[in-house]
Structure formats: structure tokens, C-alpha cells
Amino acid sequence: MKTIFIRSILAGICIALGGAIFLKLGGVIGAVMFAFGLLTVVHFRLPLYTGTAGFIDIKKAEEWQMMFVILVGNILGCLLTSLLNIQSINSDSIIASRIDAGYLQCLLMGIGCGLIMTLIVKGGRDHNQLLILFGIPLFILLGFYHSIADAFYFFVSDMNYEYLYYYIIIVIGNFIGCNVPNILRY
């Protein structure tokens, strides 16, 4: 588990760097540049919560434990990246929009992101990086919520702690969305 934890921190750093460039550039260009994070995660086979959740055996307790370790490591990677204090990054409007959306919308937007993430990670694992290059901007421009990117956005915001309740809903939504292909298969 120690190796998974350390590698999950690196995955969180990669996603946070993608989130940082999205916050700096915004729009389509920022969304495309965000893809750097997932391309790196897939290339180096780093454990990312939304890149792993759709591929576990939910009947095995040790896989739930692994998912928790990955989530905590990813969040820690986002926290470490936020300490870089990259100039001109402020995500308060993103955090406020999550709170304003409400719990149901956070769940649904998390599900949408999770579904797309599982599909593009599967493509990336099959050496089709174009799915990643187009899938990341797709979920960003559609406004779906990615739990790991949102952890970074929280750490570089003014940290409205009310958001943490919404964050848990987004994490659950991502997990559900990541498993939609598995549900449909059965």
C-alpha cells in the first residue's frame, strides 16, 4: 500500500498541474491543456481515484481500502501542488458554483465526469491517447465535476469549508459514474 500511496500522490500532482493550467488559461485551450494531467497519469500508470474506481472488484474489501488510499494520496498531491502558490490562480468561483448547484446537481455532475473518465482511461490503457485528449476537454467544457481537480481548486481557493459536504457528494458521484459501464455490462 505504501507504493500505491506514494504513486497516488504523484497522480494528484499531475491532475493539480492540469487544473492549474486550466485556471490560468480557461476556456477550450485551458481544457485541452488540462489533458496533460491525465495523459501523464495514464502513461506512467499512476493510481488516480477516477482512473481506478471503474476497474475495481467492488466485492473485495482490500480494493475498497486501496481506493481510500488512492483518494487520500491524490488529495495530498493536490495540497502539495497548491503550496507552490502559482500566481494568478483563484478558484473561488468554481467552489461557489458547486455550493450553489446543490447536492443533487453535484452528484449528477460527478456521475457524468466519472463515466467519461472511465471511458477515456480505458482508451488510454489501450494506447488510444486521443480519447484522453478529447475526453478531458469534453468533461470540462460540459461542466462536469472531477473530485481530484476539485481538491486542488479547493486548496487554491479561500477554502469555504461548507464545500466539503458537496465534495463528498462529488466523490460518490465520480465513483458511481466510473462504474456505469460495469453496471450496464451486467
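User: Lys122 first. How exposed is it?
Analyst: Lys122 is partly exposed, at 42% relative accessibility. Partly exposed sits between buried, under 20% relative accessible area, and exposed, over 50% (1.4 Å probe, protein chains only). This is a predicted model: local features need pLDDT of at least 70, side-chain atom pairs count only at pLDDT 80 or more, and totals for chains, interfaces and linings use all residues. Residues are numbered from 1 along each chain as its sequence is written, and side-chain values use heavy atoms, leaving out hydrogens and water.

User: What does the Lys122 side chain meet?
Analyst: Asp126, in a salt bridge at 3.0 Å, N to O. The term means a side-chain nitrogen of Lys or Arg within 4 Å of a carboxyl oxygen of Asp or Glu. Asp126 is partly exposed too, with a relative accessible area of 47%.

User: How many salt bridges does the structure hold?
Analyst: Two. Arg98 and Asp150 also meet in one, at 2.8 Å, N to O.

User: Which helices does that pair tie together?
Analyst: Arg98 lies in H5 (residues 92–101) and Asp150 in H8 (residues 147–155), so the pair ties together parts 52 residues apart in sequence. Helices are DSSP runs (H or I, at least four residues), numbered from the N terminus.

User: Are Arg98 and Asp150 buried or exposed?
Analyst: Both are buried.

User: Switching to the lining of the largest pocket. Which helix gives the most?
Analyst: H10 (residues 180–185), with three residues. A pocket is an open set of points on a 1 Å grid over the protein atoms alone, where a 1.4 Å probe fits, with protein on both sides within 12 Å along at least five of seven lines; lining residues have an atom within 4 Å of a point.

Methods: Helices (H or I, at least four residues) and strands (E, at least two) are DSSP runs, numbered from the N terminus.
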